Amino acid sequence: MKKQLFLTFMMLISISNFAQKGKDIKNPNIETSGTHFENPTTERTWSNANGDSYTKAKYKAYNGITFVKINTKKDMKLLLNYDLKVEKGELEMQIIDSKGTILFQKTAEKDEIGSTELAFKSDEKYQIKFIGTDTKGSYFCQWIEQN
C-alpha cells in the first residue's frame, strides 16, 4: 500500500512537471544528445528545442525520423512523459535499444498524452525516435530519472 501511495505521489509530481513543458529537470545519471535527423529536414516551419531532460518540436509538414540519444550512468528506471499533437497524418514515437529492440511504441493519428516507465541499463545505448508520416503538429517528451 505504501509503495502504491509513493508511486501515485511520484506520478503526480511528474505530471505537474510535465505541465510545465520545457522546464528542465536535473537527472544526474543521464546523458543525452540530440535532436538528430536521419535525413536533414528542408522544412522551413520546423522548430525544435532540447534540454537536459526533454525534447520538443513543432512543424507544419513532416516526413522523416528524428531521435535523441540517451545513456545512463547506472541501471535505473526512467519515467517518460509524452505529448503528441497530430493535426494531420501520423506520428510514431519509439524507444529502442542499440540492438533495435523496441521497448515502447506509440502511434498517433490524433493527440496523445501519456507516460510510461522503462528500465534502462548502464551498458546500453537508447534512442527516443519520432517518425513523421505526412504529419502536422508537434511532440514533447521528457525523461525523469526514478530512484
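## Glutamate 124 and lysine 99

Glutamate 124 is buried, with a relative accessible area of 11%. In this predicted model, its side chain meets that of lysine 99 in a salt bridge, at 3.0 Å from N to O. The pair links distant parts of the chain. Glutamate 124 sits in the loop between β6 and β7, and lysine 99 in the loop between β4 and β5. They are 25 residues apart. Lysine 99 is exposed, at 65% relative accessible area.

## Other salt bridges

How many salt bridges does a search of the whole structure find? The count is 4. One of them joins the side chains of glutamate 87 and lysine 136, at 3.6 Å from N to O. This pair also links distant parts of the chain, with glutamate 87 in strand β4 and lysine 136 in strand β7, 49 residues apart. Glutamate 87 counts as exposed, at 59% relative accessibility. Lysine 136 counts as partly exposed, at 29%.

Lysine 106 forms a salt bridge with glutamate 112. The closest N and O atoms of that pair are 3.8 Å apart. Lysine 106 is partly exposed, with 23% relative accessibility. Glutamate 112 is buried, because its relative accessible area of 19% falls under the 20% cut-off.

## Strand β7 and its partners

Strand β7 covers residues 125-146. Of its 22 residues, 17 are buried, so the strand is largely enclosed by the rest of the structure. β7 pairs with β3 in the antiparallel sense, over 15 bridges. Alanine 57 stands opposite tyrosine 139 of β7. β4 and β7 also run antiparallel, joined by 19 bridges. Isoleucine 95 stands opposite isoleucine 128 of β7.

Aspartate 134 lies in β7. Its phi is near 45°, a positive value in a residue other than glycine. Aspartate 134 is partly exposed, at 48% relative accessible area.

Is glutamine 142 buried or exposed? Glutamine 142, in strand β7, is buried, with a relative accessibility of 0%. Its side chain makes a polar contact with the side chain of serine 53, at 3.1 Å.

Aspartate 83 lies in strand β4. Aspartate 83 is buried, at 3% relative accessible area. Its side chain makes a polar contact with the side chain of lysine 85, at 3.4 Å.

## The nonpolar core

In soluble globular proteins, nonpolar side chains tend to be buried together. Here the largest nonpolar core holds 26 residues. Which of them touch the most other members? They are Met93, Ile128 and Trp143. The elements that give two or more residues to this core are β3 (54-72), β4 (76-97), β5 (102-108), β6 (112-120) and β7. β4 gives the most, with 9 residues.

Ile128 also figures in the strand pairing, as the residue of β7 opposite isoleucine 95.

## Aromatic pairs

The count comes to 6 aromatic pairs. Tyrosine 54 and phenylalanine 140 form one that is stacked, with 5.9 Å centre to centre and 25° between the planes. Tyrosine 54 lies in strand β3 and phenylalanine 140 in strand β7, so the pair ties together parts that are 86 residues apart in sequence. Tyrosine 54 is buried, at 10% relative accessible area. Phenylalanine 140 is buried too, at 2% relative accessibility.

Tyrosine 59 and tyrosine 62 have ring centres 5.3 Å apart and planes at 45°, so this pair is tilted. Tyr59, Tyr62, Phe130 and Tyr139 form one aromatic cluster. Tyrosine 139 of β7 is also the residue opposite alanine 57.

Definitions and conventions
Residues numbered from 1 in each chain as written. Predicted model: local features only at pLDDT ≥ 70, side-chain atom pairs only at ≥ 80, totals over all residues. Heavy atoms only, no water. Helix = DSSP H or I, 4+ residues; strand = E, 2+ residues; numbered from the N terminus. Buried < 20%, exposed > 50% of the residue type's maximum accessible area, 1.4 Å probe, protein only. Core = buried A, V, L, I, M, F, W, Y, C linked by side-chain atoms within 4.5 Å. Polar contact = N/O pair within 3.5 Å; in protein donor to acceptor, adjacent residues only side chain to side chain. Pairing = 2+ DSSP bridges. Phe/Tyr/Trp six-rings, centres within 6.5 Å; stacked < 30°, edge-to-face > 60°.
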